[in-house]
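Student: I would like to learn how to read a structure of this kind. Where should I start?

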Amino acid sequence: MKKLYSLIKACMSSDMSLFKIKTNKKSKLSKIGLPLLFSFFLMFTIWVYANALFEQFTPFHLQFIVISLVVFFTSIMTIVEGIYKTSSLLYNCKDDQLLLSLPIKKRTILFVRILKFYLFELIYNSMFIIPLIIAYLRWADKIPEHFFLTSIIMILTLPIIPIAISCIIGGIISNISSRFKHKKITQTIVSIIFLVLVLYASYNLENIINYLVKNASSINDIITKLYYPAGIFASLAVKFNLTDLLIYIIVNIVVFTITIYLLNISYFKINSRLKSITTVKKVNNNKIVIRKNSINNSLIKKELSTFLETPVFIINAGFGLVLYLIAVIIITIKFDSLLKVLVDPNGLNIKKELILNNTSVMILLLVSVTSFMTSISNSLISLEGKNINILKSLPISPKRILDSKINTCLFITSPILLLGDIVLFIRFKIKILEAILLLLLSILIPLVSHLVGLIINLKYPKLDYENQAEVIKQSTSSFISVTIGMILCALSYYLVLKVIGKVQPLLILSVTTLVFIIIDLILYLYLNKVGIKEFKKLSI
Amino acid sequence: MIEIKNVTKKYGDKKAIDDVSFTVDDGDIFAFIGHNGAGKTTLIKSIVGIHDFDSGDIIIDGKSIKTDAVACKKIMAYVPDNPETYEHMKAIDYINFICDMYEVSKETREKNIIKYAKIFEMEDKLNDTIDSYSHGMKQKIVLISALAHDPKILIMDEPFVGLDPKAVFDIKEILNKMVKEKKIVFYSTHILDVAEKLCSRVAIIKNGKLIKSGSMKEIKGDKSLEKVFMELEDK
């Protein structure tokens, strides 16, 4: 037990470094303050949304539907996130050799890694479930006995089943990719296929959920069948039942144990196969190509090669862009059907003219949402890891290094956004001036996202990591950047709703362009002043 | 010429380097020795511009690393204690990347890369990705990339760790040749007998403080460097 405790402590120590900063109180407060502020903001937003949902359902005494919906969608998000986290969090860990050489059972190593995964998902899930519970306390007809005990147990157990599903799917992905020569490319492709399948499945659940809302009498039973933890939580929030709670706890323990047992069968085989492929000595007799590039091109090439060699990075950054392309294709091909849905008097009931006269503003909204949800730069500094010393010892200024990181991000996002723009311009016959402004905005808006991400990563670097998923998905930097992205998305949506139909599209686009030029300039100046100072401080 | 002037570097309240001053002249092979944690790597990282320091200055060929870092780094090459590279890259791409950063001409890099790859017996392995290499092979790639741009000053942190005997011999030959060309070689090491034979000057650091610095003859006198080092450590 002592051994297990030491192992958990060692594995968690680097992740908890944020709370162990040995500097003055002011500095410590500024380091911890921002993540806490954003956590609070995220929880507050969830609370607001939960209240809005409860307000709709309370008159029909169906508050438990809100609970099950939030639990269900939080779990789906955990599964989706978990699928591509698993392949990095459980496999290809840097400490493999060290841990395997120690007198520890292999199953214990696997258990600790899954436990670490669980603890992060627990924090993530809590940010959704705690505000839900607080909102429920306000709207519940009657708070059942032992509600707080039930809530604590539910918060602690809700991540278990999604993690189990992610671990199994992640294990299958790693197993498949470990058998191929180009395992990283295979891993990226298979992960994307799985993610699309999960999203497709959850998209098709919409009809079932609609059915559930309309058939309130049998809802609880159906929810439980649809997703057991959601149904149990909804049921226990209305009436406490010790037997149900005990069965639920046992189910979770069994699921967790079975997951470890199943993974343990092939976990170390897959891990060693993944490693053996990379360490196999390749006989390559091709002629040595010595070529000269400019400093800037060479830096961008290096950044791109890092990007392309990191499946979790590609999936994380590229998924939004892939969804953007899918959206562009659907809008282009099926616009008439979409229009029918949007103008349907029983549905969204939007005026047809409003849509047709403001297509450029709609494109602007699509570009904004994609840009703010595509966060690439927030891990570019951390991913350097120990190689940061190489960069710092080279005869190039920090400004040039940071510029190259921003340029790389633009190099990844701009072609896709611009291509989508052009397709939509042709489809909707956008006026030339509006088209030019939209093209400009397709560079200016993602630039904000890239600058913000880089500034945050410089403030919260994580250079010492066991695997890349820790940096890309679980670092303070990625959390803050994604939260800011979500806020900016919501803000864009709100502002577009406020001005659409009231202001000419050309004026909206012109003002937006001007605003983004100013924001980009301010952020770039900040990066050059404060960011460079932070870069110089980086050390490992 | 490298001038270390009253350099102090703190980690929190602890002084990793405490008011260290010495100079390294052109044509010197300078050994920097001390026990583990004495401050060798910290000072080396300060010289090559990886670390900032709290006070003092480091002057490289008349220019301060604090105010003119790029110009200082342009004439230096750094070989770290662990061969840190971009492991997903092919070795040749990594070397090309480093040469690009130093703006090395195509002719110079063609000449030097082939020359040093042959010396270190790596020419048929340059098209492999670095993650397939052993520790020693990675170290050789770092050495090739450091030497490919003809640095005037070569700074190395424990350069012989992990290298095979032939590579150690070859690197010693290369260093001797560099010194004949009036270049500077500054390196930290624990292998004292190699330092004794190879180096013209030596500095010994203990708990961040420079306790001895001078020509090899002055420092060791009739004793071996190992004996002098052990005596100083015991004080």
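Student: Take helix α12(A): what covers its buried residues?

Tutor: The cover includes α17 (398-428) of chain A and also α3 (91-101) of chain B. Keep in mind that this is a predicted model.

Student: Which residues of α12(A) are buried?

Tutor: Buried here means that 20 or more other C-beta atoms lie within 10 Å of the residue's own. In α12(A), the buried residues are A:S298, A:L299, A:K302 and A:E303.

Student: How many residues does helix α12 of chain A have, and what is its reach?

Tutor: It runs over residues 295-308, which is 14 residues. From first C-alpha to last, α12 of chain A reaches 20 Å, close to the 20 Å expected at 1.5 Å a residue.

Student: How many residues of the two chains are in contact?

Tutor: Chain A brings 32 residues and chain B brings 32 residues to the contact. On the side of chain A that touches chain B, at least two residues each come from α11 (242-279), α12 and α16 (388-393). That side of chain A divides into 9 nonpolar, 13 polar and 10 charged residues.

Student: What scores does the model carry?

Tutor: The ipTM is 0.88 and the pTM is 0.81. For chain B, the mean pLDDT is 91, with 100% of its residues at 70 or more.

Student: Now chain A as a whole. How many helices and strands does it have?

Tutor: Chain A has 21 helices and 0 strands. Its length is 540 residues, and 39% of them count as buried. Consider also the contacts in chain A between residues at least 6 apart in sequence: 85% of these join residues at least 24 apart.

Student: What domains are assigned to chain A?

Tutor: The domain assignment gives domain 1 (2-275) and domain 2 (295-537). Taken over C-alpha atoms, the centres of these two domains of chain A are 27 Å apart. Domain 1 of chain A puts 24 residues into their contact, and domain 2 of chain A puts in 18 residues.

Student: Which elements of domain 1 of chain A give two or more residues to the side that touches domain 2?

Tutor: They are α2 (25-57), α3 (63-89) and α8 (183-214) of chain A. By class, the residues on that side of domain 1 of chain A are 12 nonpolar, 7 polar and 5 charged.

Student: How should I read backbone angles?

Tutor: The background is that most residues other than glycine have a negative phi. A:H61 is not a glycine, yet its phi is positive, near 55 degrees. A:H61 sits in the loop between α2 and α3 of chain A.

Student: Where is B:E121, and what is its phi?

Tutor: B:E121 lies in the loop between α4 (106-119) and α5 (135-147) of chain B. Its phi is positive, about 55 degrees, although B:E121 is not a glycine. With 14 other C-beta atoms within 10 Å, B:E121 is partly exposed.

Student: Last, distances. How many Å separate the C-alpha atoms of A:Q97 and A:T332?

Tutor: They are separated by 52 Å, and the two residues are 235 residues apart along the chain. A:Q97 is in helix α4 (residues 96-101) of chain A. A:Q97 has 9 C-beta neighbours inside 10 Å, so it counts as exposed.

How values were computed. Residues numbered from 1 in each chain as written. Chains lettered and ligands numbered in written order. Predicted model: local features only at pLDDT ≥ 70, side-chain atom pairs only at ≥ 80, totals over all residues. pLDDT = per-residue confidence, 0-100. Helix = DSSP H or I, 4+ residues; strand = E, 2+ residues; numbered from the N terminus. Expected span 1.5 Å × (residues − 1). Buried ≥ 20, exposed ≤ 12 C-beta atoms within 10 Å, placed from the backbone. Contact = placed C-beta atoms within 7 Å. Domains from an automatic or database assignment. Nonpolar A, V, L, I, M, F, W, Y, C, P; charged D, E, K, R; others polar.
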